[in-house]
Amino acid sequence: MPYLAAAVVLLGVLCLLNLLLTVGILRRMRADALRSTGRDDGLFALRPGDPVGEFAAVTSDGDPVTHHDVTGVVGFFSADCEACHDLLPSFVERARDLGRENVLAVVGGDDPASVAALTPVARVVLADLDGGPMARAFRNEWTPALYVVGEDGRIAATGTRIDRLPVPAVRG
């Protein structure tokens, strides 16, 4: 009889674990589906009109950058993100049109190829996989994630596809 009780308890624990894993997988699938269709609601904590949080970082060129210096397009990329690598060519093309001073790219993880592609057209901040202080300032948890930041330091638009973002007003 004690074996039967232990088996029922073990089965109950396994069912609960299965349920928790299933819910986690479904949440991830929903987020991926939203990203692939271009529907970004629910992916971004900061919405248009919200101010960017305070941060201080250093670009790969050694230049300091703070929340006061950010206008134009900000992109978050991750080394282990296939969608990030798919987005990179169109992001680089838009960055070339906007000018390096109007584009900031945050690259999480070790991804020398992406950094090499971005450096000529954007200021690049290297970060841990979690995105570091910039990800916390933008309250960003997803990659790829794109933000248009206005001259007033507020979010003008968010998205996961560069072709769906408005072209920001650029500085000189």
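Colleague: Phe76 and Tyr147, are they buried or exposed?
Modeller: In this predicted model, Phe76 is buried, and Tyr147 is buried as well.

Colleague: How are the rings of Phe76 and Tyr147 arranged?
Modeller: The ring centres of Phe76 and Tyr147 lie 5.8 Å apart and the planes meet at 80°, which is over the 60 degrees used as the cut-off, so the pair is edge-to-face.

Colleague: And which parts does that pair tie together?
Modeller: Phe76 belongs to strand 3 and Tyr147 to strand 6, so the pair ties together parts that are 71 residues apart in sequence.

Colleague: What about Phe138 and Tyr147, how do their rings sit?
Modeller: The centres of the Phe138 and Tyr147 rings are 4.8 Å apart with their planes at 50°, so this pair is tilted; Phe138 is buried, as is Tyr147.

Colleague: How many aromatic pairs does the structure hold, and which residues do ring pairs link into a cluster?
Modeller: There are six aromatic pairs in the structure, and ring pairs join Phe44, Phe55, Phe76, Phe138 and Tyr147 into a cluster.

Colleague: Switching to the sheet, what is the strand order?
Modeller: Five strands make up an open sheet in the order 5-4-3-6-7, with mixed pairing, and its edge strands, each pairing on one side only, are strand 5 (123-127) and strand 7 (155-159). From one strand to the next the twist averages 15°.

Colleague: How many bridges join strand 3 to strand 6?
Modeller: Five bridges join strand 3 to strand 6, and the two run antiparallel; as one example, Val73 has Val148 in strand 6 as its bridge partner.

Colleague: Which strands does helix 2 touch when it packs on the sheet?
Modeller: Helix 2 packs on the sheet by touching strand 3, strand 4 and strand 6, and its direction makes about 155° with that of strand 3.

Colleague: Which residues of helix 2 are buried, and what covers them?
Modeller: The buried residues in helix 2 are Cys84, Leu87, Leu88, Phe91, Val92, Arg94, Ala95 and Leu98, and their cover includes strand 3 (72-78), strand 4 (103-108), helix 3 (112-118) and strand 6 (145-149).

Colleague: Where is the kink in helix 2?
Modeller: The kink, of about 40°, is at Leu88, shortly before the proline Pro89. Helix 2 (residues 82-98) has 17 residues and reaches 25 Å from its first C-alpha to its last, close to the 24 Å expected at 1.5 Å a residue.

Colleague: What follows helix 2?
Modeller: Gly99 follows helix 2, and the phi of Gly99 is positive, near 100°.

Conventions. Residues are numbered from 1 along each chain as its sequence is written. This is a predicted model: local features need pLDDT of at least 70, side-chain atom pairs count only at pLDDT 80 or more; totals for chains, interfaces and linings use all residues. Side-chain values use heavy atoms; hydrogens and water are left out. Helices (H or I, at least four residues) and strands (E, at least two) are DSSP runs, numbered from the N terminus. The expected span of a helix is 1.5 Å times one less than its number of residues. The bend at a residue is the angle between axes fitted to the seven residues ending there and the seven starting there. Buried means under 20% relative accessible area, exposed over 50%, partly exposed in between (1.4 Å probe, protein chains only). Contact means heavy atoms within 4.5 Å. Rings of Phe, Tyr and Trp (its six-membered ring) pair if their centres lie within 6.5 Å; planes under 30 degrees apart count as stacked, over 60 as edge-to-face and the rest as tilted. Two strands pair if DSSP finds at least two bridges between them. Axes are lines fitted to C-alpha atoms, for helices over the stretch in contact, and angles run from 0 to 180 degrees between N-to-C directions.
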